[in-house]
Amino acid sequence: MKGLLEHMGIEPGRLHFSWISSAESTKFVDVVSQVTESVKALGPAQNFIKREPKVA
Amino acid sequence: MNAMTDKIRQIARRLLEEGKVDMVVGFRKGTVPMMSEPCFIKDSARVDALVWDGNCGINLANYLTRRKERMAVVAKGCDTRNIVTHIIENQIRREQVYIIGVPCQGMIDKRKVKNLADGEVLSVEEKDGKVVVTAGGGEKSFDRTALLQDNCAICHHKNPALSDELAGELVRENPDVDRYEDVRKVEAMGAAEKWKFFDELLSTCIRCYACRNACPLCYCPTCFVDESKPQWVGKGQDPTDTRTFHFLRAFHCAGRCTDCGSCERACPMGIPVRQFTKKLEKDAKELFGWEAGMTLDARPPLDTFRPDDPGAFIK
Amino acid sequence: MRDLKIAKTDWAKGVEKLFGPYRVFGPKKEGLFHNFARLEKGEAPDFSCKNTRLSAKGLIYPQTEKMFEYTLDPNKPDHHVHKEPVKDYSPMAVLGIRPCDAKAFTLVKLNFDTPEYKDPYWIKNYAAATFVGLACDAPCHACFCTSAGTGPYDTAGLDVLLADAGDFFLAKVLTEKGEKLVAAAGWAGAGDAGAFEAKAKAAGDKVVSKVNTAKLAGKVTNDLHAAPFWEDLAFACINCGTCTYLCPTCWCFDIQDEVCGTEGCRLKNWDSCMYPLFTMHGTGHNPRGEKAQRVRQRFMHKLKYFVDKYGAGIHCVGCGRCVTACPVNIDIRRVAEIMNGYEPGKDCAV
Ligand code: SF4
Ligand code: SF4
Ligand code: SF4
Ligand code: SF4
């Protein structure tokens with residue numbers, strides 16, 4: 001899924017996957033800060049966003 | 001008439017006469033050039049309607065699900081792989097289908113022919129590796145290999161993966177042909193360039209869903225794009241919605257697509273929709289060593305977990 | 001009605017002059033095929049294609065069209081009110097539409113503009129358009145317009161009809177709207193009605209595909225409905241709807257709301273009788289749940305119900321699009337022949 005999204009032009013670094021057990025609180029914090037950092041670095045998404053349907 | 005057609009008729013007649021099957025699913029001659037029409041035959045007196053040629057590119061595995069009859073089906077390499085996929089996904093039972101396997105020389109790309117012909121194509125004849133195209137502006141002859149559908153030109157599995165009887169001699173496979181040149185080209189692009197590539201690719205899509213409907217893999221009773229409660233995706237011509245459809249359609253084919261090209265062949269606008277599925281098909285091969293529909297004895301990678309599954313994307 | 005002769009150089013100059021008084025539309029190659037598109041000043045309509053892949057119907061009846069908009073935001077003064085979206089109904093010049101597509105509008109009009117019901121969006125768009133037709137001198141082999149109540153030089157639904165005569169066009173100005181357009185373009189050279197007629201006759205003779213439809217009106221609806229050939233005819237169909245989306249006469253639509261936050265709108269989208277959802281009831285029951293029923297519906301509507309309801313021939317102009325674009329070769333010509341020749345009780349050769 002990540003592969004295909006990136007293949008069609010979603011920036012690497014916008015989509016993240018992680019497996020965190022309910023006992024791994026520190027890992028959770030780490031991953032979340034990493035994710036936010038990397039997404040902030042990319043800035044707001046420009047693609048794959050729809051606010052209002054485009055009509056002919 | 002060619003030898004393959006002859007043999008298919010013979011087999012069909014025998015199966016129907018012996019009562020081995022209730023119907024034979026195959027192709028009959030079309031009403032316009034470069035078109036053969038999927039059909040079924042129940043009466044052995046009518047088997048002479050069946051034909052085989054380079055215009056049988058629609059995947060007949062698509063016609064087998066949700067039926068009660070015992071069926072024989074004329075199936076080329078990719079069709080048999082989709083039949084295998086149907087069997088392991090419990091859409092049909094092995095005993096229900098008798099596979100008349102066709103070693104395949106590749107299908108003719110009707111769009112290529114139209115582009116190369118002078119004017120409107122009036123008739124197309126295949127003979128000894130050549131294709132003679134008669135058009136409004138005159139006759140031209142081409143090497144058959146120059147007119148193949150893109151997916152057929154790079155096919156690794158022309159021979160049936162599973163069959164009960166063959167309708168012809170096995171053909172030589174071409175395992176060295178590079179299947180993924182186009183995918184690598186896209187992989188090498190930057191994110192913005194990729195986005196643009198697919199935007200342009202989809203710009204003329206009318207969302208008729210012929211690509212989805214021509215595909216044997218899409219057998220869900222109601223597709224997510226058609227649901228309106230909840231409305232997963234808008235139904236209009238908005239490009240975001242169109243892309244959502246294509247992305248998810250492709251993703252649902254991950255590890256299942258056989259690159260039969262039925263989707264691309266069916267598209268009325270000539271959109272190369274395989275550019276989505278091929279990426280996943282390449283990944284399935286590279287990450288899991290998996291090619292869909294080659295065997296009844298293994299579960300596909302996306303419905304099993306193995307400790308050594310690649311997990312580099314998971315943090 | 002008046003005959004004109006337009007030299008190709010004057011044609012190009014005249015088209016230039018239409019930008020301004022008109023929004024100009026014409027065939028344009030997009031991807032593999034030509035389609036009608038809005039042209040920019042300096043762009044010429046491309047007359048090199050036999051016909052556009054999609055019919056011209058989308059110009060008047062877009063695939064997706066906003067019916068109204070609303071906001072649910074209580075801070076906005078017009079919240080919870082249906083607002084008409086702003087749309088451009090200024091004059092459009094449609095250049096190079098084929099006679100079959102123009103005729104098709106007259107059939108669609110029977111549904112969208114009736115004494116009881118009027119579809120305001122369609123009617124306003126249609127009123128805004130001036131149609132400059134381009135006659136077919138080399139009809140495709142899949143076209144059967146002359147069997148479908150029209151023809152390569154049919155003037156129905158057109159304001160001007162052009163015939164390509166090499167260095168110049170022979171033209172017929174057919175309506176007031178047409179007069180306005182040729183005046184705006186500055187085309188005035190006197191034409192040649194005799195030469196026009198001769199070309200028309202020659203083109204009509206070139207339509208090779210003929211379909212018999214004369215007996216359809218006399219058939220008993222229920223006999224056709226119950227005929228044994230549907231399963232065979234429908235088998236190959238993948239219910240993709242290509243036939244109906246490409247067809248100039250298919251008019252069915254679906255209505256969907258789309259909302260983002262507090263802002264929303266209602267859309268009218270093309271729909272197709274080939275889709276299972278088309279007839280799905282709120283209860284979950286689907287009266288046309290099977291593929292064969294849907295295929296039967298398409299052909300029964302085009303070739304029987306429409307014939308009986310309007311007395312205006314078949315619901316088809318013989319443009320051949322569905323014939324060539326259907327991915328599995330379901331051919332309306334063949335179906336029409338079978339229906340036309342069907343006698344209950346007799347074996348029908350399918
Ligand atoms: S078949 Fe072609 S036009 Fe239709 S939805 Fe698929 S890509 Fe779009
Ligand atoms: S996605 Fe296309 S190529 Fe793949 S199996 Fe389906 S129809 Fe065949
Ligand atoms: S008749 Fe052909 S084009 Fe129409 S829905 Fe069936 S398969 Fe598609
Ligand atoms: S039914 Fe087919 S041939 Fe007739 S008008 Fe529609 S697309 Fe054209």
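This is a predicted model: local features need pLDDT of at least 70, side-chain atom pairs count only at pLDDT 80 or more; totals for chains, interfaces and linings use all residues.
1. Conventions. Local features need pLDDT of at least 70, side-chain atom pairs count only at pLDDT 80 or more, and totals for chains, interfaces and linings use all residues. Residues are numbered from 1 along each chain, chains are lettered from A and ligands numbered from 1 in written order, and side-chain values use heavy atoms, without hydrogens and water.

2. Ligand 1. Its shell holds 14 residues (a heavy atom within 4 Å). The closest are C205(B), C208(B), Y209(B), C211(B) and C267(B). In chain B, α7 (210-213) and α8 (239-252) each give two or more residues to this shell. Helices are DSSP runs (H or I, at least four residues), numbered from the N terminus. By class, the shell around ligand 1 has 12 nonpolar residues, 1 polar and 1 charged.

3. Ligand 2. Among the residues around it are N82(B), R249(B), D259(B) and T277(B). C257(B), C260(B) and C263(B) are also included. The classes here are 5 nonpolar, 5 polar and 2 charged.

4. Helix α2 of chain B. It covers residues 77-88. 12 of its 12 residues are buried (under 20% relative accessible area, 1.4 Å probe, protein chains only). N82(B) is one of these buried residues, and N82(B) also belongs to the shell of ligand 2.

5. Chain A. V32(A) lies in helix α2 (residues 25-42). V32(A) counts as partly exposed because its relative accessibility is 38% (the class between 20% and 50%).

Technical notes: Ala, Val, Leu, Ile, Met, Phe, Trp, Tyr, Cys and Pro count as nonpolar, Asp, Glu, Lys and Arg as charged, and the others, Gly among them, as polar. The expected span of a helix is 1.5 Å times one less than its number of residues.
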